Amino acid sequence: MDRKWNELEVDCLINIFERLELEELILKVAFVCKSWYRASISPQCWKSLNFDKLNFDPSGPLVTAFSHQYGVHNFSVAGFLTMAISRGGPAVVELILPAVCPLENIIFASNRCPYVRVLGLPMHITKHRNKELLMSLEEISPLGELISKWKDLEFLHIREYQPYTRDILLSIKSHCKNFVGIKKIGLMGDDESSAIAEVLPGLKQLTITSSATHAFMVRESLKEILEGCRELEVLVINNCCGFEVDEEILEMASHIKSFMYKDVRLNVDEDYYPLAIIFDPVTWKHSGIDLSLD
């Protein structure tokens, strides 16, 4: 006689549920039956927390469904993150924070999830639960100390330009002995490329890719990384503006076992990055880019 799904052993259910996306785990699986709910709250099912895949729009389907099914009257992203991080706890090995994230959630995760191997930092860090109050660079200074708690960290995702990148990398150099690679999403600042080349010369893997727009990095920044990171084994560049992959770049990258690039171009459209961002003297030292704005 065939067994019913709700009669499967808990370990079997967990093995299935840990492969699901967070939204499916929270909104669907947990409401099927009691045995599925019990399996769904196992820490193993929450070992991969990729919040970047979730849409926290107050009127969107996730927030609407969550509020209805859990009887929540005032949905809070901070509260949602706390719930998920609490359920995963020490089992969490991948933590990709949302684009906008309260500092309190990062602090909580650093204490609750000490064995994270893949970490994605937010694009904007806010004060407490107020998503409108972005934190200043001085207020974010404890971030390096928080990173030091993730001693098993292997990969870091950085979204857009971040002025604290050097501090983060210095902390990784000192405390994360198994660190392997960086995924840079969007805008690469000159000071960020310098930090990568100077602080992590033994970096093994680097990916530069797009977010909502093309990634952007000037030629000199790429050359600085190629000269400084002589142990690079994998370099992936996708959808990136600011330079061309020519003979010089190919020669400089000849020591890299796997150099993959796609849709890399010199010209920059104003639809991608405003001139004020590209030529901000605080962020950029190099110029001479053909903007092709006519």
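Predicted model: local features only at pLDDT ≥ 70, side-chain atom pairs only at ≥ 80, totals over all residues.
## Helix 5 and helix 6

Helix 5 contributes Ala 78, Leu 81, Thr 82, Ile 85 and Ser 86 to the contact, and helix 6 contributes Glu 104, Asn 105, Phe 108, Ala 109 and Arg 112. By class, the residues of this contact are five nonpolar, three polar and two charged.

## Strand 8 and its partners

Strand 8 covers residues 181-185, and four of its five residues are buried, so the strand is largely enclosed by the rest of the structure. Strand 8 pairs with strand 7 (residues 155-159) through five bridges, and these two strands run parallel. Strand 8 also pairs with strand 9 (residues 205-209), again in the parallel sense and over five bridges.

## Crossovers

Helix 8 (residues 165-175) forms a β-α-β unit with strand 7 and strand 8, and this unit is right-handed. From strand 8 the chain passes through helix 9 (residues 190-199) to strand 9, in a β-α-β crossover that is likewise right-handed.

## Ser 221

Ser 221 lies in helix 10, which spans residues 219-228. Why does Ser 221 count as buried? Residues under 20% relative accessible area are classed as buried, and Ser 221 has a relative accessibility of 1%.

With residues up to four places away in sequence set aside, Ser 221 touches Asp 190 and Ser 193.

## Glu 233

Glu 233 sits in the loop between helix 10 and strand 11 (234-241). The relative accessible area of Glu 233 is 32%, so this residue is partly exposed.

Which residues does Glu 233 contact, apart from its neighbours within four places in sequence? They are Lys 204, Ile 256, Lys 257 and Ser 258. Glu 233 and Leu 206 are 27 residues apart along the chain, and their C-alpha atoms are separated by 8.6 Å.

Notes
Residues numbered from 1 in each chain as written. Heavy atoms only, no water. Buried < 20%, exposed > 50% of the residue type's maximum accessible area, 1.4 Å probe, protein only. Contact = heavy atoms within 4.5 Å. Nonpolar A, V, L, I, M, F, W, Y, C, P; charged D, E, K, R; others polar. Pairing = 2+ DSSP bridges. Right-handed = clockwise from strand over helix to strand, strands pointing away.
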